[in-house]
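Reader: I'd like to go through this model with you, one question at a time. Let's get it on screen and start.

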Amino acid sequence: MVKAADRFERRRRRVRYALKENGKGRVRLSVFRSGRHIYGQVIDDGQGATLATASSLDKTLRTELKTGADREAARQVGLLLAERAKAAGIEAVMFDRGGYRY
């Protein structure tokens with residue numbers, strides 16, 4: 001019997017493979033949402049490096065946000081991540097949903 005964690009890992013690999021095949025060298029945006037916080041990264045797999053990152057734990061956002069996992073927190077983290085990505089010279093990304101449905 002296949003465990004849920006194994007199915008999740010298989011879906012994650014399948015999504016990453018599809019992004020790699022269809023991405024044409026673009027960087028990917030990976031988002032993780034826990035019950036308390038939200039995190040985002042812009043990753044260049046060609047270099048194997050994270051180019052920009054933001055989360056609801058950043059000092060600039062921690063004082064402004066009521067909670068780290070609601071819709072407003074996601075919006076603020078997205079704006080901060082976009083600002084940092086633009087500063088790094090990134091114009092287009094692919095959304096990596098990982099093994100989640102979104």
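Reader: Does K24 count as buried or exposed?
Author: Buried means under 20% relative accessible area, exposed over 50% and partly exposed in between (1.4 Å probe, protein chains only). K24 has 76% relative accessibility, so it counts as exposed.

Reader: Fine, but what kind of model is this?
Author: Residues are numbered from 1 along each chain as its sequence is written, and side-chain values use heavy atoms, with hydrogens and water left out. Local features need pLDDT of at least 70, side-chain atom pairs count only at pLDDT 80 or more, and totals for chains, interfaces and linings use all residues, as the model is a predicted one.

Reader: Back to K24, then: what is its phi?
Author: K24 sits in the loop between α1 (4-22) and β1; helices (H or I, at least four residues) and strands (E, at least two) are DSSP runs, numbered from the N terminus. K24 isn't a glycine, yet its phi is positive, at about 55°.

Reader: Of the contacts with a separation of 6 or more, what share joins residues 24 or more positions apart?
Author: A contact here means heavy atoms within 4.5 Å. Among the contacts with a separation of 6 or more, residues 24 or more positions apart account for 51%.

Reader: Which residue in β4 stands opposite S30?
Author: β1 and β4 pair in the parallel sense over four bridges, where pairing takes at least two DSSP bridges between the strands. In a regular strand, side chains alternate between the two faces of the sheet. In β4 (93-96), V93 and F95 make up the uncovered face, while M94 and D96 make up the covered one. Opposite S30 stands D96.

Reader: What is the volume of the largest pocket?
Author: On a 1 Å grid over the protein atoms alone, a pocket is an open set of points where a 1.4 Å probe fits, with protein on both sides within 12 Å along at least five of seven lines. Points are joined across faces, edges and corners, and the volume is the space filled by probe spheres set on them. For the largest pocket, that gives about 250 Å³.

Reader: And which element supplies the largest share of its lining?
Author: A lining residue has an atom within 4 Å of a point, and of the 17 here, the closest to the pocket's centre are L29, V42, G78, L81 and A82. β1 (27-33), β2 (38-44) and α3 (71-87) each supply at least two lining residues. The largest share, seven residues, comes from α3.

Reader: Which residues have the most contacts inside the largest nonpolar core?
Author: Such a core is a set of buried Ala, Val, Leu, Ile, Met, Phe, Trp, Tyr and Cys residues joined through side-chain atoms within 4.5 Å. β1, β2, β3 (49-55) and α3 each supply at least two residues, with α3 giving the most, five. Leaving out residues up to four places away in sequence, L81 touches L29, G40, Q41, V42, A52, T53 and A54. The core has 14 residues, and those with the most contacts inside it are V42 and L81.

Reader: Last one: how far is A69 from Y39 in space?
Author: A69 is in the loop between α2 (59-62) and α3, and it counts as partly exposed because its relative accessibility is 23%. Beyond four places away in sequence, A69 touches S34, G35, R36 and H37. A69 and Y39 are 30 residues apart in sequence, but their C-alpha to C-alpha distance is 9.6 Å.
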